[in-house]
Amino acid sequence: MSLHKTLGTTLIALSAVLSLSGCPTQPIDRQAPTGSTVRGPAGTAVASPPGRQGGYRAADLKDPSSPLSQRTIYFEYDSSDIQPQFLHILRAHASYLAADSAASVTLDGHTDERGTREYNLALGDQRAGTVRSFLLAEGVPDSRLRTMSYGEERPLDPDHDESAWALNRRVELVY
């Protein structure tokens with residue numbers, strides 16, 4: 001068998017495995033979730049808030065003017081991609097976690113109610129994993145991060161419409 005034919009057969013088999021491995025047991029409205037892609041540049045240092053040298057402190061978690069008080073990252077339907085408008089929030093949390101050796105966080109992944117329970121648990125885990133990967137890339141030690149997926153089990157809004165679903169597709173940073 002030629003190398004070209006072997007390579008082609010391998011690619012076809014790999015494509016089939018990848019396309020079947022993420023299929024939900026029940027159909028949902030859109031395609032299966034994409035990979036854990038982080039949109040936007042990673043590795044950029046977080047600027048300290050105006051007038052402050054040395055970054056963030058634990059008190060900033062309760063200060064409404066601090067990005068650390070924002071502890072919810074929202075996602076598009078059927079996606080685990082971090083949207084650009086949340087990058088500054090995650091960078092602030094990364095700065096705080098990297099600087100405070102006593103700080104740790106749990107990343108709770110959530111979904112809306114659409115899809116099977118198993119699918120939603122996997123998607124919630126994928127969302128939490130994407131946020132975790134981003135924080136690791138920003139210099140947060142692995143020992144300070146924990147992930148958890150609740151799938152659709154803990155909705156912020158129990159209604160059954162797009163505005164409720166948009167609130168339920170999230171990762172919460174729990175200190």
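This is a predicted model: local features need pLDDT of at least 70, side-chain atom pairs count only at pLDDT 80 or more; totals for chains, interfaces and linings use all residues.
Residues are numbered from 1 along each chain as its sequence is written. Local features need pLDDT of at least 70, side-chain atom pairs count only at pLDDT 80 or more, totals for chains, interfaces and linings use all residues, and side-chain values use heavy atoms, without hydrogens and water.

Start with helix α3, residues 117-137. Helices here are DSSP runs of H or I with at least four residues, strands are runs of E with at least two, and both are numbered from the N terminus. Helix α3 has 21 residues and reaches 30 Å from its first C-alpha to its last, close to the 30 Å expected at 1.5 Å a residue; the expected span is 1.5 Å times one less than the number of residues. After α3 comes G139, with a positive phi near 105°.

Next come the salt bridges, each a side-chain nitrogen of Lys or Arg within 4 Å of a carboxyl oxygen of Asp or Glu. The whole structure has eight. In one of them, D112 pairs with R169, with the closest N and O atoms 3.3 Å apart. D112 lies in the loop between β2 and α3, and R169 in the loop between α4 (162-168) and β4, 57 residues apart. Both residues are buried, where buried means under 20% relative accessible area, exposed over 50%, and partly exposed in between (1.4 Å probe, protein chains only).

R169 also meets E162 in a salt bridge (3.1 Å, N to O). E162 has 42% relative accessibility, so E162 counts as partly exposed. Salt bridges that share partners join D112, R114, E162 and R169 into one network.
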